[in-house]
Amino acid sequence: MSLKIVVLAKQVPDTRNVGKDAMKADGTVNRAALPAIYNPEDLNALEQALRLKDRFEGSTVTIVTMGPGRAAEIIRESLYRGADNGYLLTDRAFAGSDTLATSYALSCAIKNLPEVDVIVCGRQAIDGDTAQVGPQVAEKLGLPQITYAEEILDVKDGKITVKRRLERGVEVVEGKLPILITVNGSAPDCRPRHAKLVMKYHHAKTVTERQEQNDDYMFMFDKRPYLNITEWSVNDIQTDVNWLGLKGSPTKVKAIENVVFQAKESKRLAGKDSEIDELMKELIANHTIG
Amino acid sequence: MNNIIVYLEIEEGVVADVSLELLTKARSLASKLKCKLEALAIGSQLDGIGAQVFQYGVDKLYLADDARLYPYTSLPHTSVLVNLFKEEKPQIALMGATSIGRDLGPRVSSALFSGLTADCTALEIGDHEDKKEGKSYTDLLYQIRPAFGGNIVATIINPECRPQMATVREGVMKKEIFDANYKGEVVNLEVAKYVSDSDFVVSVIERHMEKSKSNLKSSPIIVAGGYGMGSKENFKLLEELASVLGGEVGASRAAVDAGFAEHDMQIGQTGVTVRPKLYIACGISGQIQHIAGMQESSIIIAINNDENAPINAISDYVITANVEDVVPKMIKYYKQNSK
Ligand SMILES: Cc1cc2nc3c(=O)[nH]c(=O)nc-3n(C[C@H](O)[C@H](O)[C@H](O)COP(=O)(O)OP(=O)(O)OC[C@H]3O[C@@H](n4cnc5c(N)ncnc54)[C@H](O)[C@@H]3O)c2cc1C
């Protein structure tokens, strides 16, 4: 049995290491000051997909990502680790999308692919932390979903068994294919790049990248079709523009503020015995403790 | 019609705290909007639910009672919400930002094309003017949440689509009984009208749920440790201090990530929110995401060897020293001087 697997992956600014220069004076985020990385849980998802591919001969792993042109890096990174091909959804029309409009665009892209058995994606992206896109894509495609997967245990007779990690427990569930699965950060890390694959896909590019960079290797793209990363604009997938971008986003940002905390007037102590004793005495006296 | 609906999360017949916290918040929103507060329970053997929730000011309780609806699976619960919302057209729908709420909410919002804001830290009612379109809106739900890793807070609105949906984490809102004698109406939903057999495509084969071991949320005294504790071993010092003071031990995410403390001890934006009488922050730098979960503590003591640690700014007492020196002194004094 072979499986057609799709991985939804996103390139995100690394919000885990937000330095002081990442915030502009007006309180907005200076995305340029943050390195762009592969969303961590999408890497966990990729690993689950690659394990299925290892197990079921003839399976393929296709990456779908939506973002600006540079998000093609995500696809190359996936190819280096064992994915077979990738699609970059990129268009101005997608700009300003909230999770629902994003899910709509991704679901249209998936419908544009030949049949799919399993869609895997990370539980959430670190730049939004909403965990909404997975379930919303599933709903738009009319597919069932299994969220918070820690391990895909088996696929047999058109059914997939998955171990889920919940806030307060674990579950093993079984669902019918085709299905969408979101993968938790507690799942195994993604395998590293494979040197051979890095060599093979080093020059993989989208059309736009090829046009932008005058590459000595231009001659290769016709001979080696696997080096072509497919780029899709709105016109390449069947969409209703009313559901895209700002228009297709029911949520609007009304205001953005910097987080400020009320500073308190504090008593400063150096930690001498007498000071600690005094502090404890005070806390006991005013019934904070005791 | 146009009321507020809260989805009740139920484990073994008990309504989750997060749902009761939401009912409390929703009660005050409903009073402000002069609409009714409704609650929806989906599961099996739901007879005891009314007694748990009416006192939070619930005017109407919908029950979808069917053996196949417990434990939770995504599609059948989604169908109940979607079909009920189509009939009742609530203006606001709230659920916990839990494993269940975060699985269910997006699915429902996608089916209804209604906006959903995850992990709100505050919910308010307010107006909005869209100058570009020349439209004005009254009594919208302001869904306030940290964004971009917690470095900013964003106010999100859904001007056009209903219901306005939001999820909120456990502990963020305060639960308070509204009226111990409050009585609402019970409406039993005919499950077959809401759920179809084809919704049961995912089944739970095995399930192990644990009750939360930590009592952080309700503890009046919290001793919290950060990465500056240096090791799991050193966390024992904090356990000792917490136990002599009658408090609980919490942790920063860096301490949890380093394996010094358990995940359910994490305090902050992506952990629990606490409001103790006394919060002792040991070796915690005080990044925004941590402070978001403990800033409402009445008294804050920071023990940190960096005199410029951000936590100091919001603390009542700043002890600039090593934790391993200070904490034993506190334990010693308290043991000797309390009755
Ligand atoms: C989206 C997002 C969500 C997050 N959610 C949370 C959350 O819910 N909760 C949370 O806590 N964090 C959260 N974080 C992480 C947060 O940004 C910080 O990284 C984290 O709080 C730092 O933990 P810390 O203060 O223990 O570690 P550090 O920042 O490394 O601080 C250690 C402190 O210990 C002090 N120290 C070192 N040695 C000693 C000693 N011997 N004695 C005394 N002091 C000492 C140091 O001076 C320093 O101030 C989140 C981050 C992101 C991006």
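**Figure 1. Pairing of strand β9 of chain A with strand β13 of chain B.** In this predicted model, β9(A), residues 169-176, and β13(B) pair in the antiparallel sense over seven bridges; two strands pair if DSSP finds at least two bridges between them. Helices (H or I, at least four residues) and strands (E, at least two) are DSSP runs, numbered from the N terminus. Within β13(B), B:S203 is the bridge partner of A:E174. Strands of a sheet pair through backbone hydrogen bonds, either parallel or antiparallel.

**Figure 2. The open sheet of eleven strands.** The strand order is β11(A)-β12(A)-β5(A)-β4(A)-β1(A)-β6(A)-β10(A)-β7(A)-β8(A)-β9(A)-β13(B), and the pairing is mixed. β11 (205-206) of chain A and β13 (202-209) of chain B stand at the edges with a single partner strand each, so one side of each is left without a neighbour in the sheet. Helix α2 (residues 72-81) of chain A packs on the sheet, where it touches β4 (60-66), β5 (85-89), β11 and β12 (228-232) of chain A; contact means heavy atoms within 4.5 Å. The direction of α2(A) makes about 170° with that of β5(A).

Figure 3. Axes are lines fitted to C-alpha atoms, for helices over the stretch in contact, and angles run from 0 to 180 degrees between N-to-C directions.

**Figure 4. Packing of helix α8 of chain A with helix α9 of chain B.** The axes of α8(A), residues 273-285, and α9(B), residues 323-337, are 9 Å apart, and the helices pack at an angle of about 50°. That angle makes α8(A) oblique to α9(B); angles under 35 degrees count as roughly parallel, over 145 as roughly antiparallel, 65 to 115 as roughly perpendicular and the rest as oblique. Residues making the contact include A:I276, A:M280 and A:I284 of α8(A) and B:M330, B:Y333 and B:Y334 of α9(B). By class, the contact of α8(A) with α9(B) has eight nonpolar, one polar and four charged residues; Ala, Val, Leu, Ile, Met, Phe, Trp, Tyr, Cys and Pro count as nonpolar, Asp, Glu, Lys and Arg as charged, and the others, Gly among them, as polar.

**Notes.** Residues are numbered from 1 along each chain as its sequence is written, and chains are lettered from A and ligands numbered from 1 in the order in which they are written. Local features need pLDDT of at least 70, side-chain atom pairs count only at pLDDT 80 or more, and totals for chains, interfaces and linings use all residues, while side-chain values use heavy atoms, with hydrogens and water left out.
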